Amino acid sequence: MARTVRNAKLDSRSGRDKLEIRREPHWVVISKGCALGYRKSARGGNWIARFRDDAGKQHYHALGAADDAMDSDGGALVLSYAEAQRRADDWFKLAARGFEEAVAPTGPYTVKDALTDYATAYKRRGGKAADTMQSSIDALIVPPLGSIALSKLTRRKIENWHEALSTTPARLRTKPGKEQNFREKDETPEGVRRRRSTANRVLTILKAALNHAMADRKTATDEAWRTVKPFREVDAARVRYLNDQEAQRLVNACDKDFRPLVQAALLTGARYGELVVLTVGDFNPDAGTVHIRFSKGGKARHIVLSDEGKSFFADRTAGKTAANRMFARADGDAWGVSHQKRPFADAVKAAKLGKLTFHELRHSYASRLVMAGAPLPVVAAQLGHSDTRMVEKHYGHMSKNYVADTVRAHFGNMGLVQPTNVASMRRAAD
């Protein structure tokens, strides 16, 4: 609202203290058909909004407790006179648009309802990684927050959930009906950063769902979540990549049935989920490309192969029909979700590479391209990104760009470091 309508009886604690205790609220008219009320009781006062529709019907809405005994908490539970007017104004706008048509007829509209409606709309619009988002909703948002009505949701509840999520270790695959298993909690700075980054991503999903509910007129205000802030400076991940010698050690340490998947990841930068659905027909020997038909972003792409990559895929497809799987397990079955984790962990341990995930083979591919001077748009296209933002975020510092070349060419030698014949060894893997 543009300004606060002043009222000597209601806009101060001392003024409200002089009012009589009664069931009927003390009203101040905000605009035609809209009024803000203060109901005083022996246990403290509460703010109420009243709206008269075009048919003359009165509608009432409880806004929250007045700051008679306690100071305002920013509008979460306790409201000052000005805050009560702002919240009432949000409700008046919703009421004027016919809010009663948007209210679920079977009961209060909950956080779970908002998430369900948002997920449905997201899938209908062709949003990226809808299944992954739904998994986060089901596992991390619905259990602690799903049953809360949006009218009862507060900033404090969201912040407490966000903080708790950031301190919870990563979940492990658990059989249905069994108690959820978790990884050992990693208290290193990188472990803390990863958990907070995950908490931020899930918070983004929750906020998007609640904003969708707001746009659909399922709630009158976004005060509960608008001011909830994500953790700062936790999304710039330290990229782990393998040099050529480490990549060779890893490949040599792999089981012979699993080895081709690792080789393919290092030669293409494709995700595990993209590789396991490849067929022989997806390799074009004339163009020297692999067609990724099913990707995380839902957009197909063609990965251009190096000479080594072309030789690898030519060998994998020799004598096979186009419909054959490019990669299969020893028993002929397809590689499934998470089937790579155990053999990959065994190979990493045997190769003495420290902590490493299959996804970091994709980082290795991208890092090698960038450090060799490949333009970032080319790297983004190979990885399947729609623009260069993600590539710049993770690999931009490796690029042989104009700034780096200019600084090194013009800064010169200050004479602070004496020449030496000692060659430093590569730092051991974390």
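This is a predicted model: local features need pLDDT of at least 70, side-chain atom pairs count only at pLDDT 80 or more; totals for chains, interfaces and linings use all residues.
User: What makes Arg 329 count as lying over the face of Trp 335?

Analyst: Arg 329 is 5.3 Å from the ring centre of Trp 335. Residues are numbered from 1 along each chain as its sequence is written, and side-chain values use heavy atoms, with hydrogens and water left out.

User: Which other ring has the charged end of an Arg over it?

Analyst: That would be Tyr 38, with the charged end of Arg 16 at 5.6 Å from the ring centre.

User: How many aromatic pairs are there, and why is Phe 258 with Phe 344 called edge-to-face?

Analyst: The whole structure holds 12 aromatic pairs. For Phe 258 and Phe 344 the centres are 6.5 Å apart and the planes stand at 75 degrees. Rings of Phe, Tyr and Trp (its six-membered ring) pair if their centres lie within 6.5 Å, and planes under 30 degrees apart are stacked, over 60 edge-to-face, the rest tilted; 75 degrees is over 60, so this pair is edge-to-face.

User: How do you know whether Phe 258 and Phe 344 are buried or exposed?

Analyst: Relative accessible area is 1% for Phe 258 and 3% for Phe 344. Buried means under 20%, exposed over 50%, partly exposed in between (1.4 Å probe, protein chains only), so Phe 258 and Phe 344 are both buried.

User: And why is the pair of Tyr 272 and Phe 358 given its class?

Analyst: Their planes meet at 80 degrees with the centres 5.5 Å apart, so Tyr 272 and Phe 358 are edge-to-face too. Tyr 272 is buried at 10%, as is Phe 358 at 7%. Phe 258, Tyr 272, Trp 335, Phe 344 and Phe 358 form one aromatic cluster.

User: What makes the largest nonpolar core a core, and which residues have the most contacts inside it?

Analyst: A nonpolar core is a set of buried Ala, Val, Leu, Ile, Met, Phe, Trp, Tyr and Cys residues joined through side-chain atoms within 4.5 Å. The largest has 44 residues, with the most contacts made by Leu 250, Val 262 and Phe 327. Counting heavy atoms within 4.5 Å as contact, Val 262 touches residues including Leu 250, Phe 344 and Phe 358.

Technical notes
A charge sits over a ring if NZ of Lys or CZ of Arg is within 6 Å of the ring centre and within 35 degrees of the ring normal. Lists of a residue's contacts leave out its neighbours within four places in sequence.
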